[in-house]
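User: I would like to learn how to read a few side-chain and strand features in a structure. Please give the general idea each time, then the case at hand.

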Amino acid sequence: MKSALNSQLGEKSQVLKEQQQSASDSGSESDSDYEVFSEDVDSGESLSESEASQSGSSGDEGIANPENNDGLDNGHGQEDQSDGSELNEGVEESDSSEDEVAPRNTIGDVPLEWYKDETHIGYDLAGKKIKKKERQDKLDSFLASADDSKNWLKVYDEYNDEEVEVTRQELKLVRRLLKGKAPHADFDPYASYVDWFKWDDAKHPLSNAPEPKRRFIPSKWESKKVVKLVRAIRLGLIKFDKPKEEQRFYPLWGDDSSSAEKANHLAYIPAPKPKLPGHEESYNPSLEYIPTQEEINSYQLMYDEDRPKFIPKRYTSLRSIPAYDNGVKDVFERCLDLYLCPRVRKKRINIDPESLKPKLPSRKDLKPYPVTCYLEYKGHKDAVMSISVEASGQWIASGSLDGTVRIWEVETGRCLRVWDIGEAVKSVAWNPLNELPVLAVSAGRDVLLLNTGFGDDEEQKKIRELLRVETPQAPDDSDNKGPVVSWLQDDKHDGIRLRHFKTVSSVEWHRKGDYFSTVMPADILLPQKFIKKLETGLREVSCIAVHPGGDNVIVGSREGKLCWFDMDLSSQPYRILKCHPKDLTNVAFHRSYPLFASCSEDCTAYVFHGTVYSDLNQNPLIVPLEILRGHTSSNGRGVMDCKFHPRQPWLFTAGADSVIKLYCH
């Protein structure tokens, strides 16, 4: 058995010698390629020795070593080339399952950007997340690369999230590709050409016949055809299309649409075709086309333009069909249509109706705004005419036609205090200062300043001193002008009563809380300064509200129209919104949110988004948001007043049904 093994090793060593000799004869090209790695000669020699030892791993080293020594004597270039060829053959012929490493990435053929912000990269067979490797800091990775001598051979594989070390053989292939050469050294780019379509033993050609004479003389049949075509052209039987003569001069400043050539020609417009008869006009139509007697009687009650022109009937044969009564009339009308009907070709522009609508932002992007009814405040016995919210948003005051003023807690709906005024309350207004919780109430000719009782002892002491009036003095008769308002102490309600000489319809505080104003139908001429006039174009203005910025105003009317004025832009309305079918009772702006609302006697309140930009070149953005319903009509009246919460996007509405509603987002 040992002699048989020695004979096999001898044959392998002989084959190895022949391969090394063929590699040495292949030229200087392979030698020059491997001279680049002259610094790695020692490693190449150790690689060849290890391969040689593997080839002789059967146990007889004495026979394998002489063959390897002979290979080493041939030179380093030949040795590297033979080693490379053996490595290539080993890679191609390898059938080991260890070489097939499953990829660590299991996300499939999808972009890696999808897992950019994730901590894992795919899932394993058990469904668990495959965590990404922790990336080192740039400074730590730089120091590690400086200490690692093989760092220049490492490449980061982003797909599998791991570092791959390039082998020496792969590096040789890369360098050959960078030089523009074939990756393998045994490839001959200048191989001799092999003509596959020629062979030396071609003794029998396809045909040995000589070339015919007709291939070398003109054809007489072609000459006869040419003579025949020439005669036809001379006789005019064959005519050629004349080239179009281009115009030498062009009207440089002329208009093509108004040219005389187009104006002299009328575009032909075909007459409209009459409607073809259908199943209804048949002499024996189906039963579903024949109307009943009730339907025929209902036709008599219709207008002439709505009444059907023809009523189908059934006949047994064509002979029993009578003459058509309106035949001559229809023919005459058809002739009039063809003769007198003007037909004009109109250019119709196909425009998408959706493109004509203004592009408004989505309502989802404009949230928050009041949407649904959250709470109801019940206690009044008649219509609630006015409401006012305290500056902190914790309390709300309401005045009703039942002669009472009530204070409610906003979050719970609990009624805290009730004043019986004795007259119908038209308006209530809370002082905008937190440290001065005073309520102004207008009822008939009086305006009451009431102490609500909120605040600490110091604030209450200050309010009592403020709401104390001395006994009024007798008016001076020498002056014809009497006082417009008389200040009286009201001990019943622990406040001040301001007596006017006419009915007060409204009361409103200044934003600083140091004074208030009242409105009454009286002709009192006082010195005043005209600043600006706004032309609404409305019949009667019912309410007005000023934007917190002070440059925009909304005005409501008895016609159900809402006008937005940009006072920096013009005295004319910037937008006119026709939203309510009945009279507008009040309009209001929110202090901090870009919201405004309107209420009407149609028992609804409309909420709008209104953004005012600091850029004067950009117009305000007005978007309708929500229609709030819930109040019922009483004596033909609906929602009487609406106010926004000072801090939240909530809306309070007071209705003629004696109910106050809170709408939240």
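Analyst: A salt bridge is a side-chain nitrogen of Lys or Arg within 4 Å of a carboxyl oxygen of Asp or Glu. Before applying that, note that this is a predicted model, in which local features need pLDDT of at least 70, side-chain atom pairs count only at pLDDT 80 or more, and totals for chains, interfaces and linings use all residues. Residues are numbered from 1 along each chain as its sequence is written, and side-chain values use heavy atoms, with hydrogens and water left out.

User: How many salt bridges does the structure hold, and how far apart are the closest N and O atoms of lysine 661 and glutamate 376?

Analyst: The structure holds 12 salt bridges. In the one between lysine 661 and glutamate 376, the closest N and O atoms are 2.3 Å apart. This pair links distant parts of the chain: lysine 661 belongs to strand E27 (residues 659–664) and glutamate 376 to strand E5 (residues 372–378), 285 residues apart. Strands (E, at least two residues) and helices (H or I, at least four) are DSSP runs, numbered from the N terminus. Glu376 and Lys661 also belong to a network of salt bridges that includes Lys378.

User: Is lysine 661 buried or exposed?

Analyst: Buried means under 20% relative accessible area, exposed over 50%, and partly exposed in between (1.4 Å probe, protein chains only). Lysine 661 has a relative accessible area of 6%, so it is buried.

User: Which residue forms a salt bridge with arginine 307?

Analyst: Arginine 307 is bridged to aspartate 304, with 3.5 Å between the closest N and O atoms. Aspartate 304 counts as exposed because its relative accessibility is 52%, while arginine 307, at 28%, counts as partly exposed.

User: Where do glutamate 540 and arginine 558 lie?

Analyst: Their side chains meet in a salt bridge of 3.8 Å, N to O. Glutamate 540 is in the loop between strand E16 (516–519) and strand E17 (541–546), and arginine 558 in the loop between strand E18 (552–557) and strand E19 (561–566), 18 residues apart. Glutamate 540 is partly exposed at 44% relative accessibility, and arginine 558 is partly exposed at 35%.

User: What is the order of the strands in the open sheet of 4 strands?

Analyst: Two strands pair if DSSP finds at least two bridges between them. The order here is E17-E18-E19-E20, with antiparallel pairing. E17 and strand E20 (575–578) are the edge strands, each pairing on one side only. E19 and E20 run antiparallel and are joined by 4 bridges. Across from arginine 575 in E20 stands tryptophan 564.

User: Where does the charged end of arginine 575 sit?

Analyst: A charge sits over a ring if NZ of Lys or CZ of Arg is within 6 Å of the ring centre and within 35 degrees of the ring normal. The charged end of arginine 575 sits over the ring of tyrosine 574, 4.5 Å from the ring's centre.

User: How many aromatic pairs does the structure hold?

Analyst: Rings of Phe, Tyr and Trp (its six-membered ring) pair if their centres lie within 6.5 Å; planes under 30 degrees apart count as stacked, over 60 as edge-to-face and the rest as tilted. The structure holds 10 aromatic pairs. One of them is the stacked pair of tryptophan 395 and phenylalanine 454, 4.5 Å centre to centre with 10 degrees between the planes. Tryptophan 395 lies in strand E7 (residues 395–400) and phenylalanine 454 in the loop between strand E12 (446–451) and helix H13 (457–466), so the pair ties together parts 59 residues apart in sequence. Tryptophan 430 and phenylalanine 454 are stacked too, because their ring centres are 6.4 Å apart and their planes at 20 degrees. Both tryptophan 430 and phenylalanine 454 are buried. Trp564 is part of one aromatic cluster with Phe589, Phe596, Tyr606 and Phe608.

User: How far apart are tryptophan 509 and tryptophan 430 in sequence and in space?

Analyst: They are 79 residues apart in sequence and 7.5 Å apart in space, C-alpha to C-alpha. Tryptophan 509 is found in strand E15 (residues 506–509). At 14% relative accessibility, tryptophan 509 counts as buried.
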